[in-house]
Amino acid sequence: MRKLTLALLSGAYICISLMAALLVWRIGGGAGAGAATLIATLGLCYAVQGVVARASQAGELAGEIDAVREAHLLLASEIEKIQARLTDVVEHVAEDAMRRSDEIYSEVQLLEDIIQQMGERLETQLSLQVEKAEAEAASPRHSALLQTVRAALEAGRVDLYLQAVVSLPQRRTLYYESFSRLRDETGRVLMPAEFLSVAEPGGLVAAIDNLLLFRCVQIVRRLAGQDRKIGIFCNISLASLGDEEFFPQFMDVLGANRDLADSLIFELGQSAFEARGPLEARNMARLADLGFRFSIDKVSNLDINFLELARADVGFVKIAAPLLIEQLHDDDGRLILRSIPELDAADYAAVARRHGVELIAEKVESERQVVDILDLDIGHGQGHLFGEPRPIRDAVLAEAAPPSQFIQAALRRAN
(Lines give C-alpha, C1' and ligand atoms only; values in the text may rest on other atoms or scores of the structure.)
Protein backbone atom coordinates (compact mmCIF):
# COMPACT_ATOMS: atom_id res chain seq x y z
CA MET A 1 0.00 0.00 0.00
CA ARG A 2 2.84 2.27 0.88
CA LYS A 3 4.59 1.58 -2.48
CA LEU A 4 1.44 2.45 -4.46
CA THR A 5 1.11 5.72 -2.58
CA LEU A 6 4.72 6.63 -3.39
CA ALA A 7 4.20 5.78 -7.09
CA LEU A 8 1.09 7.98 -7.38
CA LEU A 9 2.84 10.84 -5.61
CA SER A 10 5.85 10.55 -7.92
CA GLY A 11 3.53 10.64 -10.98
CA ALA A 12 1.79 13.71 -9.58
CA TYR A 13 5.16 15.40 -8.99
CA ILE A 14 6.25 14.71 -12.58
CA CYS A 15 2.98 16.11 -13.99
CA ILE A 16 3.29 19.24 -11.91
CA SER A 17 6.95 19.67 -12.96
CA LEU A 18 6.06 19.21 -16.71
CA MET A 19 3.24 21.70 -16.45
CA ALA A 20 5.56 24.17 -14.74
CA ALA A 21 8.28 23.64 -17.43
CA LEU A 22 5.74 23.93 -20.26
CA LEU A 23 4.40 27.14 -18.78
CA VAL A 24 7.88 28.61 -18.58
CA TRP A 25 8.59 27.58 -22.21
CA ARG A 26 5.31 29.03 -23.43
CA ILE A 27 5.93 32.36 -21.88
CA GLY A 28 9.23 32.54 -23.75
CA GLY A 29 11.71 31.18 -21.39
CA GLY A 30 13.19 28.78 -23.92
CA ALA A 31 14.03 25.11 -23.61
CA GLY A 32 16.79 25.61 -21.03
CA ALA A 33 14.60 27.56 -18.70
CA GLY A 34 11.87 24.94 -19.07
CA ALA A 35 14.29 22.14 -18.18
CA ALA A 36 15.53 24.04 -15.14
CA THR A 37 11.98 24.70 -14.04
CA LEU A 38 11.20 21.00 -14.43
CA ILE A 39 14.10 19.96 -12.21
CA ALA A 40 13.45 22.64 -9.64
CA THR A 41 9.78 21.78 -9.42
CA LEU A 42 10.57 18.06 -8.97
CA GLY A 43 13.10 18.85 -6.22
CA LEU A 44 10.65 21.11 -4.48
CA CYS A 45 7.91 18.49 -4.59
CA TYR A 46 10.18 15.84 -3.14
CA ALA A 47 11.37 18.23 -0.44
CA VAL A 48 7.80 19.03 0.49
CA GLN A 49 7.07 15.29 0.54
CA GLY A 50 10.03 14.74 2.87
CA VAL A 51 8.83 17.42 5.24
CA VAL A 52 5.30 16.04 5.19
CA ALA A 53 6.58 12.49 5.66
CA ARG A 54 8.73 13.48 8.63
CA ALA A 55 5.83 15.38 10.15
CA SER A 56 3.62 12.36 9.66
CA GLN A 57 6.22 10.05 11.18
CA ALA A 58 6.67 12.39 14.15
CA GLY A 59 2.91 12.42 14.69
CA GLU A 60 2.76 8.67 14.49
CA LEU A 61 5.71 8.36 16.91
CA ALA A 62 4.08 10.78 19.35
CA GLY A 63 0.89 8.77 19.11
CA GLU A 64 2.75 5.57 19.76
CA ILE A 65 4.56 7.13 22.73
CA ASP A 66 1.22 8.33 24.14
CA ALA A 67 -0.19 4.85 23.65
CA VAL A 68 2.81 3.33 25.42
CA ARG A 69 2.45 5.81 28.29
CA GLU A 70 -1.23 5.03 28.59
CA ALA A 71 -0.49 1.32 28.55
CA HIS A 72 2.21 1.83 31.21
CA LEU A 73 -0.21 3.75 33.41
CA LEU A 74 -2.80 1.00 33.01
CA LEU A 75 -0.16 -1.63 33.83
CA ALA A 76 1.03 0.28 36.90
CA SER A 77 -2.57 0.62 38.07
CA GLU A 78 -3.14 -3.10 37.65
CA ILE A 79 0.11 -3.87 39.48
CA GLU A 80 -0.96 -1.65 42.38
CA LYS A 81 -4.32 -3.43 42.50
CA ILE A 82 -2.59 -6.80 42.48
CA GLN A 83 -0.18 -5.68 45.26
CA ALA A 84 -3.10 -4.42 47.34
CA ARG A 85 -4.91 -7.72 46.89
CA LEU A 86 -1.74 -9.65 47.78
CA THR A 87 -1.30 -7.49 50.91
CA ASP A 88 -4.90 -8.18 51.94
CA VAL A 89 -4.40 -11.89 51.34
CA VAL A 90 -1.15 -11.95 53.36
CA GLU A 91 -2.70 -9.98 56.23
CA HIS A 92 -5.72 -12.22 56.24
CA VAL A 93 -3.54 -15.32 56.25
CA ALA A 94 -1.38 -13.87 59.05
CA GLU A 95 -4.42 -12.91 61.14
CA ASP A 96 -5.94 -16.31 60.58
CA ALA A 97 -2.67 -18.03 61.52
CA MET A 98 -2.32 -15.87 64.64
CA ARG A 99 -5.90 -16.52 65.64
CA ARG A 100 -5.42 -20.24 65.19
CA SER A 101 -2.13 -20.05 67.10
CA ASP A 102 -3.85 -18.18 69.97
CA GLU A 103 -6.62 -20.74 70.01
CA ILE A 104 -4.13 -23.60 70.09
CA TYR A 105 -2.07 -21.85 72.82
CA SER A 106 -5.20 -21.26 74.89
CA GLU A 107 -6.18 -24.88 74.54
CA VAL A 108 -2.67 -26.04 75.51
CA GLN A 109 -2.64 -23.61 78.46
CA LEU A 110 -6.02 -24.90 79.59
CA LEU A 111 -4.76 -28.47 79.39
CA GLU A 112 -1.63 -27.52 81.36
CA ASP A 113 -3.75 -25.82 84.04
CA ILE A 114 -5.99 -28.86 84.29
CA ILE A 115 -2.99 -31.18 84.54
CA GLN A 116 -1.33 -28.91 87.13
CA GLN A 117 -4.52 -28.76 89.22
CA MET A 118 -4.84 -32.51 89.05
CA GLY A 119 -1.19 -32.86 90.04
CA GLU A 120 -1.61 -30.42 92.94
CA ARG A 121 -4.68 -32.30 94.15
CA LEU A 122 -2.85 -35.60 93.96
CA GLU A 123 0.21 -34.08 95.67
CA THR A 124 -1.96 -32.57 98.42
CA GLN A 125 -3.75 -35.85 98.98
CA LEU A 126 -0.47 -37.75 99.06
CA SER A 127 1.05 -35.16 101.44
CA LEU A 128 -1.93 -35.42 103.76
CA GLN A 129 -1.74 -39.17 103.72
CA VAL A 130 2.02 -39.09 104.34
CA GLU A 131 1.63 -36.55 107.16
CA LYS A 132 -1.14 -38.59 108.67
CA ALA A 133 0.98 -41.73 108.48
CA GLU A 134 4.00 -39.90 109.90
CA ALA A 135 1.91 -38.39 112.67
CA GLU A 136 0.50 -41.78 113.57
CA ALA A 137 3.96 -43.30 113.54
CA ALA A 138 5.62 -40.37 115.33
CA SER A 139 2.93 -39.77 117.94
CA PRO A 140 4.32 -42.29 120.46
CA ARG A 141 7.89 -41.12 119.77
CA HIS A 142 6.82 -37.46 120.08
CA SER A 143 5.09 -38.10 123.39
CA ALA A 144 8.07 -40.01 124.74
CA LEU A 145 10.50 -37.24 123.72
CA LEU A 146 8.25 -34.59 125.26
CA GLN A 147 8.21 -36.52 128.53
CA THR A 148 12.00 -36.83 128.38
CA VAL A 149 12.37 -33.07 127.95
CA ARG A 150 9.97 -32.34 130.83
CA ALA A 151 11.78 -34.79 133.06
CA ALA A 152 15.16 -33.25 132.19
CA LEU A 153 13.88 -29.79 133.07
CA GLU A 154 12.31 -30.93 136.33
CA ALA A 155 15.50 -32.77 137.34
CA GLY A 156 17.77 -29.95 136.21
CA ARG A 157 19.54 -32.11 133.62
CA VAL A 158 20.27 -29.10 131.46
CA ASP A 159 23.91 -28.51 130.59
CA LEU A 160 25.41 -25.18 129.60
CA TYR A 161 27.95 -25.07 126.77
CA LEU A 162 30.07 -22.04 125.88
CA GLN A 163 31.81 -21.28 122.59
CA ALA A 164 34.35 -18.49 122.20
CA VAL A 165 33.84 -15.42 120.02
CA VAL A 166 37.27 -13.98 119.21
CA SER A 167 38.71 -10.79 117.82
CA LEU A 168 40.37 -10.90 114.42
CA PRO A 169 43.18 -11.15 113.56
CA GLN A 170 44.39 -11.32 117.20
CA ARG A 171 42.06 -14.24 118.11
CA ARG A 172 41.60 -13.01 121.65
CA THR A 173 38.40 -14.22 123.34
CA LEU A 174 35.99 -11.31 123.81
CA TYR A 175 32.64 -13.08 124.21
CA TYR A 176 31.07 -16.49 124.62
CA GLU A 177 27.89 -17.86 123.12
CA SER A 178 25.83 -20.07 125.43
CA PHE A 179 24.06 -23.24 124.30
CA SER A 180 21.62 -25.50 126.14
CA ARG A 181 21.98 -29.26 126.06
CA LEU A 182 19.48 -31.58 127.76
CA ARG A 183 20.28 -35.09 129.08
CA ASP A 184 17.89 -37.98 129.49
CA GLU A 185 17.98 -40.42 132.41
CA THR A 186 20.68 -42.49 130.72
CA GLY A 187 22.95 -39.49 130.24
CA ARG A 188 22.40 -39.21 126.46
CA VAL A 189 22.74 -35.59 125.33
CA LEU A 190 19.78 -34.10 123.42
CA MET A 191 20.79 -31.50 120.85
CA PRO A 192 18.64 -28.36 120.30
CA ALA A 193 17.37 -29.58 116.91
CA GLU A 194 15.97 -32.62 118.72
CA PHE A 195 14.48 -31.22 121.93
CA LEU A 196 13.20 -27.92 120.42
CA SER A 197 11.05 -29.91 117.96
CA VAL A 198 8.86 -30.90 120.92
CA ALA A 199 9.67 -28.08 123.34
CA GLU A 200 8.26 -25.31 121.13
CA PRO A 201 4.83 -26.88 120.43
CA GLY A 202 4.80 -28.20 124.00
CA GLY A 203 5.25 -24.73 125.51
CA LEU A 204 8.52 -25.61 127.23
CA VAL A 205 10.75 -23.04 125.53
CA ALA A 206 10.10 -20.44 128.24
CA ALA A 207 11.35 -22.86 130.89
CA ILE A 208 14.52 -23.54 128.86
CA ASP A 209 15.09 -19.80 128.28
CA ASN A 210 14.55 -19.10 131.96
CA LEU A 211 17.01 -21.75 133.05
CA LEU A 212 19.56 -20.58 130.47
CA LEU A 213 19.17 -16.98 131.65
CA PHE A 214 19.87 -17.83 135.29
CA ARG A 215 22.94 -19.80 134.37
CA CYS A 216 24.26 -17.09 132.05
CA VAL A 217 23.83 -14.50 134.80
CA GLN A 218 25.76 -16.67 137.25
CA ILE A 219 28.53 -17.36 134.72
CA VAL A 220 28.90 -13.64 133.96
CA ARG A 221 29.10 -12.89 137.70
CA ARG A 222 31.69 -15.64 138.18
CA LEU A 223 33.82 -14.24 135.32
CA ALA A 224 33.44 -10.71 136.65
CA GLY A 225 34.68 -11.95 140.05
CA GLN A 226 37.82 -13.12 138.28
CA ASP A 227 38.24 -9.65 136.74
CA ARG A 228 37.43 -11.01 133.30
CA LYS A 229 35.22 -8.59 131.36
CA ILE A 230 33.72 -11.04 128.91
CA GLY A 231 30.21 -10.92 127.55
CA ILE A 232 27.87 -13.84 126.89
CA PHE A 233 25.37 -14.22 124.07
CA CYS A 234 22.23 -15.75 125.54
CA ASN A 235 19.57 -17.10 123.17
CA ILE A 236 15.99 -16.00 123.73
CA SER A 237 12.96 -17.17 121.78
CA LEU A 238 10.20 -15.11 120.25
CA ALA A 239 7.76 -17.19 122.35
CA SER A 240 9.45 -16.01 125.56
CA LEU A 241 9.37 -12.38 124.45
CA GLY A 242 5.63 -12.70 123.83
CA ASP A 243 4.76 -14.73 126.96
CA GLU A 244 2.84 -12.32 129.17
CA GLU A 245 3.17 -14.59 132.23
CA PHE A 246 6.83 -15.52 131.81
CA PHE A 247 8.25 -12.18 130.70
CA PRO A 248 7.46 -10.19 133.90
CA GLN A 249 9.46 -12.77 135.91
CA PHE A 250 12.19 -12.55 133.29
CA MET A 251 12.24 -8.76 133.74
CA ASP A 252 12.41 -9.11 137.53
CA VAL A 253 15.54 -11.26 137.27
CA LEU A 254 17.19 -8.85 134.83
CA GLY A 255 16.15 -5.81 136.84
CA ALA A 256 17.98 -7.28 139.83
CA ASN A 257 21.04 -7.84 137.64
CA ARG A 258 21.04 -4.75 135.47
CA ASP A 259 24.67 -4.15 136.39
CA LEU A 260 25.43 -7.00 133.99
CA ALA A 261 23.79 -5.24 131.02
CA ASP A 262 27.13 -4.68 129.27
CA SER A 263 28.01 -8.37 129.54
CA LEU A 264 24.73 -10.09 128.65
CA ILE A 265 23.53 -9.98 125.04
CA PHE A 266 20.23 -11.56 124.02
CA GLU A 267 20.23 -13.33 120.67
CA LEU A 268 17.42 -14.31 118.29
CA GLY A 269 17.26 -15.37 114.66
CA GLN A 270 16.80 -13.01 111.73
CA SER A 271 13.45 -14.54 110.77
CA ALA A 272 12.24 -14.31 114.38
CA PHE A 273 13.30 -10.64 114.59
CA GLU A 274 11.49 -9.81 111.36
CA ALA A 275 8.38 -11.72 112.49
CA ARG A 276 8.08 -10.04 115.91
CA GLY A 277 4.84 -8.30 116.69
CA PRO A 278 4.07 -5.18 118.75
CA LEU A 279 4.19 -7.11 122.05
CA GLU A 280 7.58 -8.67 121.34
CA ALA A 281 8.99 -5.34 120.09
CA ARG A 282 7.72 -3.60 123.22
CA ASN A 283 9.31 -6.20 125.51
CA MET A 284 12.61 -5.90 123.62
CA ALA A 285 12.44 -2.13 124.21
CA ARG A 286 11.90 -2.77 127.93
CA LEU A 287 15.04 -4.89 128.02
CA ALA A 288 16.91 -2.15 126.13
CA ASP A 289 15.73 0.38 128.72
CA LEU A 290 17.60 -1.68 131.32
CA GLY A 291 20.73 -1.39 129.15
CA PHE A 292 20.72 -4.84 127.55
CA ARG A 293 21.60 -5.27 123.89
CA PHE A 294 20.60 -7.77 121.24
CA SER A 295 22.24 -9.89 118.59
CA ILE A 296 20.82 -11.34 115.36
CA ASP A 297 21.96 -14.75 114.09
CA LYS A 298 20.76 -17.35 111.54
CA VAL A 299 21.09 -14.68 108.84
CA SER A 300 19.91 -15.75 105.39
CA ASN A 301 19.58 -12.30 103.73
CA LEU A 302 22.59 -9.98 103.68
CA ASP A 303 20.56 -6.98 102.51
CA ILE A 304 20.10 -5.81 106.10
CA ASN A 305 18.60 -2.51 107.25
CA PHE A 306 21.24 -1.63 109.84
CA LEU A 307 19.42 1.57 110.77
CA GLU A 308 16.37 -0.45 111.78
CA LEU A 309 18.57 -2.79 113.82
CA ALA A 310 20.20 0.16 115.58
CA ARG A 311 16.78 1.56 116.50
CA ALA A 312 15.94 -1.82 118.06
CA ASP A 313 19.21 -1.76 120.09
CA VAL A 314 20.74 -4.60 118.09
CA GLY A 315 24.50 -4.35 118.53
CA PHE A 316 25.69 -7.52 116.78
CA VAL A 317 24.86 -9.51 113.65
CA LYS A 318 26.27 -13.02 113.19
CA ILE A 319 26.64 -14.20 109.60
CA ALA A 320 27.83 -17.67 108.63
CA ALA A 321 31.26 -17.56 106.96
CA PRO A 322 30.17 -19.93 104.14
CA LEU A 323 27.31 -17.57 103.28
CA LEU A 324 29.64 -14.56 103.15
CA ILE A 325 32.20 -16.33 100.97
CA GLU A 326 29.52 -17.74 98.68
CA GLN A 327 28.18 -14.22 98.15
CA LEU A 328 31.59 -12.78 97.17
CA HIS A 329 31.89 -11.94 93.47
CA ASP A 330 34.53 -10.17 91.37
CA ASP A 331 32.71 -7.63 89.20
CA ASP A 332 35.35 -6.29 86.74
CA GLY A 333 38.01 -6.02 89.44
CA ARG A 334 35.51 -4.81 92.07
CA LEU A 335 34.74 -7.22 94.93
CA ILE A 336 31.02 -7.18 95.74
CA LEU A 337 28.40 -9.25 97.54
CA ARG A 338 25.94 -10.69 95.03
CA SER A 339 22.84 -9.63 96.97
CA ILE A 340 24.18 -6.05 97.41
CA PRO A 341 25.94 -5.28 94.09
CA GLU A 342 25.83 -1.53 94.59
CA LEU A 343 28.15 -1.75 97.63
CA ASP A 344 31.81 -2.76 97.71
CA ALA A 345 32.17 -5.90 99.81
CA ALA A 346 34.95 -4.31 101.88
CA ASP A 347 32.54 -1.50 102.92
CA TYR A 348 29.82 -3.83 104.22
CA ALA A 349 31.22 -4.08 107.76
CA ALA A 350 31.98 -0.34 107.80
CA VAL A 351 28.35 0.49 106.97
CA ALA A 352 27.23 -1.74 109.86
CA ARG A 353 29.69 -0.04 112.26
CA ARG A 354 28.43 3.41 111.30
CA HIS A 355 25.07 2.30 112.72
CA GLY A 356 26.64 0.84 115.86
CA VAL A 357 26.35 -2.78 114.69
CA GLU A 358 29.34 -5.13 114.83
CA LEU A 359 29.52 -8.06 112.40
CA ILE A 360 30.61 -11.51 113.59
CA ALA A 361 31.54 -14.25 111.12
CA GLU A 362 30.30 -17.51 112.64
CA LYS A 363 30.78 -21.16 111.64
CA VAL A 364 34.40 -20.49 110.71
CA GLU A 365 36.05 -23.83 109.95
CA SER A 366 39.29 -23.07 108.04
CA GLU A 367 42.17 -20.63 107.81
CA ARG A 368 41.22 -19.83 104.22
CA GLN A 369 37.87 -18.55 105.46
CA VAL A 370 39.70 -16.29 107.93
CA VAL A 371 41.61 -14.66 105.04
CA ASP A 372 38.36 -13.88 103.20
CA ILE A 373 36.75 -12.60 106.40
CA LEU A 374 39.64 -10.22 107.02
CA ASP A 375 39.36 -8.97 103.42
CA LEU A 376 35.78 -8.00 104.33
CA ASP A 377 37.06 -6.02 107.34
CA ILE A 378 35.05 -8.16 109.79
CA GLY A 379 36.69 -7.98 113.21
CA HIS A 380 35.09 -10.92 115.04
CA GLY A 381 34.90 -14.66 114.41
CA GLN A 382 33.26 -17.72 115.90
CA GLY A 383 33.51 -21.37 114.94
CA HIS A 384 35.24 -24.67 115.52
CA LEU A 385 38.50 -23.20 114.19
CA PHE A 386 38.67 -21.03 117.32
CA GLY A 387 37.22 -23.62 119.70
CA GLU A 388 34.27 -25.99 119.92
CA PRO A 389 31.43 -25.46 122.42
CA ARG A 390 32.61 -26.76 125.79
CA PRO A 391 30.44 -27.76 128.75
CA ILE A 392 30.58 -25.89 132.04
CA ARG A 393 31.65 -28.03 134.99
CA ASP A 394 28.93 -29.54 137.16
CA ALA A 395 30.11 -27.58 140.18
CA VAL A 396 29.64 -24.31 138.35
CA LEU A 397 26.23 -25.44 137.06
CA ALA A 398 25.16 -26.23 140.60
CA GLU A 399 26.01 -22.67 141.61
CA ALA A 400 24.11 -21.34 138.60
CA ALA A 401 20.96 -23.39 139.20
CA PRO A 402 17.85 -21.17 139.10
CA PRO A 403 15.26 -21.17 141.87
CA SER A 404 13.06 -24.23 141.37
CA GLN A 405 9.84 -22.21 141.55
CA PHE A 406 10.65 -20.50 138.24
CA ILE A 407 11.09 -23.81 136.44
CA GLN A 408 8.03 -25.33 138.10
CA ALA A 409 5.94 -22.28 137.17
CA ALA A 410 7.08 -22.52 133.54
CA LEU A 411 6.26 -26.22 133.46
CA ARG A 412 2.81 -25.61 134.94
CA ARG A 413 2.06 -23.06 132.23
CA ALA A 414 3.07 -25.62 129.60
CA ASN A 415 0.52 -28.17 130.86
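This is a predicted model: local features need pLDDT of at least 70, side-chain atom pairs count only at pLDDT 80 or more; totals for chains, interfaces and linings use all residues.
Colleague: How many aromatic pairs does the structure hold?

Modeller: The structure holds 9 aromatic pairs. Take F246 and F250 as one of them.

Colleague: What makes the pair of F246 and F250 tilted?

Modeller: The ring centres of F246 and F250 are 5.2 Å apart, with the planes at 45°. Pairing needs centres within 6.5 Å. Planes under 30 degrees apart would be stacked, and over 60 edge-to-face.

Colleague: Where do F246 and F250 lie?

Modeller: Both are in helix α5, residues 246-255. They are 4 residues apart, about one turn of the helix.

Colleague: Why is the pair of F306 and Y348 called edge-to-face?

Modeller: The planes of F306 and Y348 stand at 65°, and the ring centres are 5.7 Å apart. The cut-off for edge-to-face is over 60 degrees, so the name applies. This pair links distant parts of the chain, 42 residues apart. F306 is in helix α8 (residues 306-311), Y348 in helix α10 (residues 348-354).

Colleague: Why does F306 count as buried?

Modeller: F306 has 4% relative accessibility. Buried means under 20%, so F306 qualifies. Y348 also counts as buried, at 4% relative accessibility.

Colleague: What makes R181 a charge over the ring of Y161?

Modeller: R181 lies over the face of Y161, at 5.2 Å from the ring centre. The distance limit is 6 Å. In another case, the charged end of K318 sits over the ring of F233, 4.1 Å from its centre.

Colleague: Which residues in α5 are buried?

Modeller: F246, F247, F250, M251, V253 and L254 are buried there.

Colleague: How do you know that they are on the same side of α5?

Modeller: They cover an arc of only 160° around the axis, which puts them on the same side of α5.

Colleague: Which residues do ring pairs link into a cluster?

Modeller: F246, F247, F250, F266, F292 and F294.

Colleague: Which residues touch the most other members of the largest nonpolar core?

Modeller: L264 and F266 do, in a core of 71 residues. Helix α3 (residues 205-225) gives the most to this core, with 9 residues. Leaving aside neighbours within four places in sequence, F266 has contacts including L213, I236, F250, L254 and F292. Apart from this core lies another, of 16 residues, among them L145, L153, L204 and I208.

How values were computed. Residues are numbered from 1 along each chain as its sequence is written. Side-chain values use heavy atoms; hydrogens and water are left out. Rings of Phe, Tyr and Trp (its six-membered ring) pair if their centres lie within 6.5 Å; planes under 30 degrees apart count as stacked, over 60 as edge-to-face and the rest as tilted. Helices (H or I, at least four residues) and strands (E, at least two) are DSSP runs, numbered from the N terminus. Buried means under 20% relative accessible area, exposed over 50%, partly exposed in between (1.4 Å probe, protein chains only). A charge sits over a ring if NZ of Lys or CZ of Arg is within 6 Å of the ring centre and within 35 degrees of the ring normal. A nonpolar core is a set of buried Ala, Val, Leu, Ile, Met, Phe, Trp, Tyr and Cys residues joined through side-chain atoms within 4.5 Å. Contact means heavy atoms within 4.5 Å. The arc is that of the directions from the helix axis to the C-beta atoms.
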